[in-house]
Amino acid sequence: MQPSSESTPIGPVDASVVPRFAGIATFARLPRLDQVERADVAIVGVPFDSGVSYRPGARFGPAHVREASRLLRPYNPAQDVFPFGAQQVADAGDIAVNPFDIAEAVRQVEAGARELQSNAGRLLAIGGDHTIALPLLRAVHAQHGPVAVLHFDAHLDTWDTYFGAPTTHGTPFRRASEEGLIDLTASMHVGIRGPLYAKSDLEDDERLGFSIITSEYLEEHGVASAIERLRARIGDAPLYISIDIDVLDPAHAPGTGTPEAGGLTSRELLRMLRALADRNIVGADIVEVAPAYDHAQLTGVAASHVAYELLSAMAPRSTPVVD
């Protein structure tokens with residue numbers, strides 16, 4: 001058994017000893033959870049995509065993001081923090097879920113997340129499709145009560161049903177709002193764009209507790225203004241961050257199931273995440289990476305860097321970086 005997180009954290013494999021392209025692809029070449037006594041943050045894959053409404057393939061996302069994360073390094077100059085040195089981060093492997101039964105899979109994800117929370121302070125989940133956000137929020141709610149949800153996505157994901165099914169990748173935040181899992185005064189979507197089914201979609205979304213920063217707003221007013229708005233909205237509430245990789249423009253993240261033109265650049269997304277380093281982040285997910293549609297690991301690299309910035313924002317520090 002290795003030292004606990006109260007001792008010096010165990011970091012990535014030394015790239016000067018073992019080449020980055022060699023060895024088992026844990027996230028950022030970090031230790032497995034069973035190699036440490038306890039983790040401050042556990043990274044867990046959720047290879048499930050039975051809730052998608054268009055292109056499948058996100059079940060292969062966790063492995064793809066881990067492979068793309070091999071090049072991440074220990075020091076983050078943008079946040080002036082050692083995300084793997086200031087806290088113990090470990091890879092917990094994948095939660096095994098039923099690919100044929102969405103209801104059972106949701107129960108398995110929640111149970112797996114609750115079990116991991118007993119041995120880790122926080123979870124960073126890599127999906128998988130956005131259906132997994134619902135059971136992850138249920139697990140977080142059990143610890144923290146209603147949380148502010150900061151949701152980066154091209155789509156609202158507050159629709160009611162698809163083909164009569166209440167639990168899909170387009171419905172998690174409607175169900176979460178109905179179940180009282182989210183703080184209705186502090187939650188927000190960022191990056192929303194593209195066609196909707198009806199104007200009432202926006203009215204329903206507001207009623208369910210979300211404010212919106214569209215990609216058009218970002219283009220017109222800039223990232224600094226968006227950061228000011230989202231920080232004001234979140235306040236000091238416990239914060240859960242959910243990132244659908246399709247919030248990025250397909251030029252930056254082609255490997256996803258429901259791409260929409262006119263999205264964020266990876267630089268814009270990373271900058272907004274860095275502005276959250278002084279917030280109380282209690283959990284996060286990155287979803288909808290579908291490697292079959294990726295090219296040259298563009299989407300995998302983007303997702304791995306998103307995870308890196310989230311881990312950096314979660315890391316303790318004396319003076320948080322605020323953009």
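In this predicted model, Ala-42 stands opposite Ala-90 of strand S2. The strands involved are S1, residues 39-46, and S2, residues 89-94. They pair in the parallel sense, over four bridges.

Turn next to the aromatic side chains. The whole structure holds four aromatic pairs. One of them brings Tyr-75 and Phe-82 together, with ring centres 4.9 Å apart and planes at 40°, so the pair is tilted. Tyr-75 is partly exposed at 35% relative accessibility. Phe-82 is partly exposed too, at 48%.

Arginines also sit over rings. Arg-55 lies over the face of Tyr-293, 4.1 Å from the ring centre. The charged end of Arg-229 is placed over the ring of Tyr-217, at 4.7 Å from its centre.

Now the salt bridges. A search of the whole structure finds 16. Among them, Arg-231 bridges to Asp-278, with the closest N and O atoms 2.8 Å apart. This pair links distant parts of the chain, 47 residues apart. Arg-231 belongs to helix H7, while Asp-278 lies in the loop between helix H8 and strand S8. Arg-231 is buried at 17% relative accessible area, whereas Asp-278 is partly exposed at 32%. Asp-278 also meets Arg-279 in a salt bridge, 3.3 Å from N to O. Arg-279 is buried.

A further network joins Asp-160, Arg-174, Arg-175, Glu-178, Asp-204 and Arg-207 through salt bridges with shared partners. Within it, Glu-178 and Arg-175 approach to 2.9 Å between their closest N and O atoms. The two are three residues apart in helix H4, so about one helical turn separates them. Arg-175 is buried, at 9% relative accessibility.

How values were computed
Residues numbered from 1 in each chain as written. Predicted model: local features only at pLDDT ≥ 70, side-chain atom pairs only at ≥ 80, totals over all residues. Heavy atoms only, no water. Phe/Tyr/Trp six-rings, centres within 6.5 Å; stacked < 30°, edge-to-face > 60°. Buried < 20%, exposed > 50% of the residue type's maximum accessible area, 1.4 Å probe, protein only. Lys NZ or Arg CZ within 6 Å of the ring centre and 35° of its normal. Pairing = 2+ DSSP bridges. Salt bridge = Lys/Arg side-chain N within 4 Å of Asp/Glu carboxyl O.
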